[in-house]
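Good morning. Please look at the model on the screen while I go through it.

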Amino acid sequence: MELFKFVEEQEMLRKVVREFVEAEIAPKADEWDKKDYCPVELFPKMGEIGITGIFIPEEYGGAGLGHVERTICLEEISRYSAGLGIALMTHYLGMAPILYFGSEEQKKKNLPDLAAGKKICGLATTEPGGGSDFTGQKAIGEIKNGKWIINGRKCFITNSHIADICIWTVVTGKNEKGYSKMTAFIIDKDAPGHKPGRKENKFGLRGSVTGEDVCVNVEVEPNLIIGKEGEGAKIAMNCIQEVGRAGMASIALGILRGCLEESIKFSSQRIIYDKPLNKLQSIQFIIAENRVDYEAAKLLIYHAASLKDAGKTCATEYSIAKLFATEAAVNASKRTIDLMGGYGCINDYPAGRFLRDAVATIPGGGTSHIQKIIIANNTIKGD
Amino acid sequence: MGYDIAVCIKPVPDPKYYDKIKIHPVKKTIIREGIPTIINPSDKHAIEAALRIKEEFGGKVITITMAPMSSQENIREALAMGADEAYLLSNRMFAGSDTLATSYVLAQGLKKIGKFDFIFTGNESADGATSQVPGQIAEWLNIPHLCNVREFHFTKDKKVEAKIKIEGGYIEYLTTIPVLFSVSREVNKPRYTTIKGVIRARQKPINIFTVRDLELDNKYIGLKGSPTQPGEIYIPSIGRNGEKLKGDPRKIAIQILDRIRSVGVNFGKSK
C-alpha cells in the first residue's frame, strides 16, 4: 500500500494551477521582485480558476476543497513568486476566521467576493509591542453608544495597502484573571478613520505589500465581531497556527522546489572541464541535499494538511513543517547559489531571490524559535 | 436550438520530456512508455472553438480520441475544460496505424456516436505533424472540410463563413453544416481549465469503444490498414570532423570551394 500519494483529482488540480502559473506568473515574477509590485490584477483571474477560494465551501462560492489542495496552490505559485504566494496566503489567512468562526450572515456577506478574488483579505495582529508576544498588543476597542470604537496601529501586515477587508485583533477589556481580552473585528478598508500607514521596503517576498495598518476612532458595529467578544486571541491563534503557519511552510516548499529545479537545470547546461557541471561529485552532493530537503518538507507539510482536512489536531505538525521547510529553504538557496558560482550572484538568475524570499519566510507565522517552543511544549505534553 | 459538436483530440508526448524520448532500434518507432502525455496543443484551440459555440447557441460537445487506455487523464482534462462527454477508441488492433487507418477508426467512431453539426480538430499534432487526419475523417464521412481555419462566424441563413490562413493572407469560404474544421492557433485563445471544471469532470462519462463496439473492416485498421510505413529513423550524428589543409592560401581556398560544390552547393566556377 502506498502511504503518501495524491489522488488523481489532486494531480489534475496541480496541472491546472501549474498551467496558469507558467503562463501568468513565471514570466513576470522577476519583474515584480525588482519593482516590488504586487499583481493585484491577478486575484480575479485566480478567482476564476478557483485558487482564491480553494478551501471555501461551494455554498459560499468556493471550490469546496481542502487544505491539501490549498497547499498545492501555494507551492505551485511560490515556486516562481513567493511574494505573490504570501499575498495569497494572507488572503486565505484573513478568510479563515470568517469561515471557521464567523456568523452565517458574515460568511454570506463576505466570502463569495473573497472566494472569487474580487476582494482581497488580510489579518492584522502584529504591533510594534507584540509580534511573538501575541498578548502584547495595544490596539484597543471601547464600546460607546452601542458601537465599538477601534484605535491602534498594526505593523508588518501583509496586504496592508491592498486588502478590502482586514481582520483586526483588539484589546476590549480584561478577563476575570486580569489578562487582556482580545476580540476579532471585520474592518472594511473604507471605514472612516481606517487607512494603511507606511509601506515597508522588504528585501524578500517582494511581490507582496507589507506595511502598517492604522485605525483612528474607527466605528464598528457589534455584528462585525467574529465569534464573541473576548474570543479574538483563540480565533487568531487557531487561524495563524493552521492556516498562516501552514501557508508559510507551503511557500517555503515552493522555494525548495525552485532551488532543486534550478540547480538541476544549471548544472546540466553548464559545461566545465569538457563535461556538464553535474558530473562533479561536489555538485551532486548539492543536488542530493536539495532533493532531500524538498522531499522531507513535502512529506511534513502535506501530512499536516491531510490531518487538518481530516479534522484532527495538527498544530504541532504544522509547527514542525514550518520550522523545517523555512530553514531548509534558506539552506537550499545558499547551496544553489554556491552551485552556480559567480552566476549565483547575478540577478538574472533566481537563486538570489530564492535566498531573500526564504529568509523572509522565517518570521512570518512565528519565528523558528517560537516554533521550537511550541513543538517542545506540545511534545512534553504528549502531543 | 443547439449544436451537436465533436472534437477529435490526441495525446502527444509532453515537450518537457522530449530529451528523454528514445527510438526503438529495430521497429524504428518512438518509445512512448514512461513519457507523460498532454493534449495536443492545437487540439485545445479546437475544444475552445466548440465550447464557444455551445455557450452561445446551446448544444453538446463530445471529445473523441483513438489512443491507449492510459490517455484517460488527458481526456479528463478536456472534460474539465467543459466538454460534456468523452469517447475513447482503444484496442491493440489499432496499434501501428498511420493517418489513414487512424482517420478511418475515428470516422467509424463518430458514425457510431451520432450525427454532428460540427467536427473540430487541431490543425496538426505536435508529434506527427502531417495535418492529414482532419481531411481524411471528412472524406470518410463525406462532409465538407476546411483546414487552417483562423476565424469563422455564422451567417443569417445558418451557413458558416470561414477564413483560412494562407501565407501572407487568407481565403474566405462559405460552407453548409455539417462541416469539419481543423483550426489554426489564431482562431482563439483556449481558456484555462478551472478547479471547478476538474471537480465537475469527475461526473462526466468516458465511454470506451473497442473493436467489438465499432463497425470496422479489419483491412482498414492497424498496421494492415496503413499504406504508409515509417522509413529509416536515426539520430543524426552531431560530431565534428576536421581536416587541416596545408599549402598556398589561394590553392586552399579553391580546394574548399570544390569540396563544398561536391556536396551540392553551387557557387559557379572558380577563377
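This is a predicted model: local features need pLDDT of at least 70, side-chain atom pairs count only at pLDDT 80 or more; totals for chains, interfaces and linings use all residues.

In chain B, nine strands make up an open sheet. Reading across, the order is β11-β10-β9-β12-β8-β1-β6-β7-β13, and the pairing is mixed. As a reminder, strands of a sheet pair through backbone hydrogen bonds, either parallel or antiparallel. Which strands sit at the edges? They are β11 (169-175) and β13 (206-209) of chain B, and each of them pairs on one side only. From one strand to the next, the twist averages 35°.

Strand β9 of chain B, residues 145-154, and strand β12 of chain B, residues 179-183, pair in the parallel sense over three bridges. If you want a place to look, find V149(B): it stands opposite V183(B) in β12(B).

Two helices of chain B go with this sheet. Helix α4 of chain B, residues 133-141, packs on the sheet and touches β1 (3-8), β8 (118-122), β9 and β12 of chain B. The direction of α4 makes about 80° with that of β9(B). Helix α2 of chain B, residues 72-81, lies across β6 (59-66), β7 (85-89) and β13 of chain B. Helix α2 runs at about 155° to β7(B).

On domains, the assignment for chain B gives domain 1 (3-220) and domain 2 (241-271). The C-alpha centres of these two domains of chain B lie 52 Å apart.

Now to chain A. Two packed helices are described by the angle between their axes and the distance between the axes. For helix α7 (residues 232-269) and helix α8 (residues 281-309) of chain A, the axes come within 9 Å and cross at roughly 155°. An angle over 145 degrees counts as roughly antiparallel, so α7(A) is roughly antiparallel to α8(A). The crossing of α7(A) past α8(A) is left-handed. By class, the contact of α7(A) with α8(A) has 16 nonpolar, four polar and six charged residues.

Last, the contact of chain A with chain B. How many residues does each chain bring? Chain A brings 11 residues and chain B brings 11 residues. On the chain A side, the elements that give two or more residues are α1 (8-24) and α3 (42-49) of chain A. The most comes from α1(A), with six residues. Sorted by class, the side of chain A that touches chain B has seven nonpolar, one polar and three charged residues.

That is the end of the talk.

Conventions
Residues are numbered from 1 along each chain as its sequence is written. Chains are lettered from A and ligands numbered from 1 in the order in which they are written. Two residues are in contact if their C-beta atoms, placed from the backbone, lie within 7 Å. Helices (H or I, at least four residues) and strands (E, at least two) are DSSP runs, numbered from the N terminus. Ala, Val, Leu, Ile, Met, Phe, Trp, Tyr, Cys and Pro count as nonpolar, Asp, Glu, Lys and Arg as charged, and the others, Gly among them, as polar. Two strands pair if DSSP finds at least two bridges between them. Axes are lines fitted to C-alpha atoms, for helices over the stretch in contact, and angles run from 0 to 180 degrees between N-to-C directions. Angles under 35 degrees count as roughly parallel, over 145 as roughly antiparallel, 65 to 115 as roughly perpendicular and the rest as oblique. A crossing is left-handed if the near helix is turned anticlockwise from the far one by less than a right angle, and right-handed if clockwise. Domain bounds come from an automatic or database domain assignment.
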